[in-house]
Amino acid sequence: MAYGLASQGHQVSVLDEGDVAYRASRGNFGLVWVQGKGQEIPRYSQWSMRSASKWSALSQELFELTGVATQHHNPGGVHLCYSEAELASREVDLDALSQATDRQFSFKMLNHNQLHDLIPEIGESVTGASWSSWDGHANPLYLLRALHAGIRCHGGRFLAVGKVKEIRRNGELCDREQSSNHCGGPCHFGCRAWQPRTSSAGRARCTINT
């Protein structure tokens, strides 16, 4: 989000806890995953597929701008199942999602032997898996480095200032209380796995065009 805003000419500062942060979003940062998303809201699945289809262009854009290759590729991804019942339930769920997206989302079900041909390292406890060509990944370390460099190339700032504990609105500005200090400035917003506590006055609504 910060890179996109900076690339469109907005002044952006990214506040981050730094390399010491323990976040789920850092653990799966390079994962480009579509399979299973939007089972209750098919529009989310379509949004995910559109996003995944743009990753190659984003990776090339970052490489041309920063010289950092994200190593993005999409060989497909598997979701492992450990019983026949789980495998059958997975197929029902994904088929319903495929129907809801007019078959735009596609997948295959693999039995143990078929999966073993794809991933010889699996154990006997794995019954099978679902596989989708929509899924892929980038190198999370290179991707993070490329985004940081890209934000700076577009005039943005990356500040490893510690954990943001609270965000409060102060007139037209927002005050951000961090673990080591306090700062204020124009209101921005961000997304990550676990959000800091935000006062009701600091919450914002926005429209996202897809």
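Q: Among contacts in the protein chain between residues at least 6 apart in sequence, what share joins residues at least 24 apart?
A: A contact means heavy atoms within 4.5 Å, and in this chain 64% of the contacts between residues at least 6 apart join residues at least 24 apart. The model is predicted, so that local features need pLDDT of at least 70 and side-chain atom pairs count only at pLDDT 80 or more, while totals for chains, interfaces and linings use all residues. Residues are numbered from 1 along each chain as its sequence is written, and side-chain values use heavy atoms, with hydrogens and water left out.

Q: How many helices and strands does the protein chain have?
A: Helices (H or I, at least four residues) and strands (E, at least two) are DSSP runs numbered from the N terminus, and the chain has seven helices and eleven strands.

Q: What is the strand order in the open sheet of three strands?
A: Two strands pair if DSSP finds at least two bridges between them; here the order is β3-β5-β4, with antiparallel pairing. Because β3 (77–81) and β4 (108–111) each have a single partner strand, they stand at the edges, and one side of each is left without a neighbour in the sheet.

Q: Which residue is the bridge partner of M109 in β5?
A: The partner is S130, and β4 pairs with β5 (residues 128–132) in the antiparallel sense over four bridges. Helix α5 (residues 84–100) packs on the sheet, touching β3, β4 and β5, and its direction makes about 135° with that of β3, where axes are lines fitted to C-alpha atoms, for helices over the stretch in contact, and angles run from 0 to 180 degrees between N-to-C directions.
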